Amino acid sequence: SPIPSHPIPSVVMCEVLPTIEESSPSPDGGDESSRLEQLMISMLEERDHLMEKLRETQELYSETAGKLGAVEEDNGVLMRQLQAFMPEEEERLQSMLEEVRRNGGVLDSKLEESKRWPVAK
């Protein structure tokens with residue numbers, strides 16, 4: 001017969017917690033079982049509190065992710081508008097620059113001409 005790859009133990013041992021009698025606490029362990037019961041209640045309350053916080057955090061995350069998506073869409077629209085506007089604006093700025101250069105040349109020539117005028121004393 002084939003040998004199993006993971007042998008099954010012949011004896012499976014596990015620890016079983018004693019049941020807590022709710023109706024009549026035992027005289028020797030009454031305080032201990034009530035402390036254990038209070039601990040379990042506290043743990044369950046803490047678990048419920050943490051689960052509620054997790055739900056709130058997940059809702060906040062979903063809301064924030066939605067807002068981020070909307071902002072990214074707006075950013076894309078604005079970038080496309082800016083890229084479409086830039087060539088027109090660049091042409092306008094280039095023509096303005098040429099005009100300033102021409103005017104600057106005229107001013108330079110007038111300045112040179114005024115230097116040759118006689119100065120009246």
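Is E56 buried, partly exposed or exposed, and what is its relative accessible area? E56 is partly exposed, at 37%.

1. Basis. This is a predicted model in which local features need pLDDT of at least 70 and side-chain atom pairs count only at pLDDT 80 or more, while totals for chains, interfaces and linings use all residues. Residues are numbered from 1 along each chain as its sequence is written, and side-chain values use heavy atoms, with hydrogens and water left out.

2. K53 and E56. A salt bridge (a side-chain nitrogen of Lys or Arg within 4 Å of a carboxyl oxygen of Asp or Glu) joins K53 to E56, at 3.9 Å from N to O. The two lie about one helical turn apart, because they are three residues apart in helix 1. Helices are DSSP runs (H or I, at least four residues), numbered from the N terminus. K53 is partly exposed at 42%; the classes are buried under 20% relative accessible area, exposed over 50% and partly exposed in between (1.4 Å probe, protein chains only).

3. E63 and K67. These side chains meet in a salt bridge of 3.4 Å, N to O. They are four residues apart in helix 1, about one helical turn. E63 is partly exposed at 47%, and K67 is exposed at 52%.

4. E89 and R92. The closest N and O atoms of this salt bridge are 2.6 Å apart. E89 is buried, with a relative accessible area of 16%, whereas R92 is partly exposed at 43%.

5. Total. The salt-bridge rule gives a count of six.
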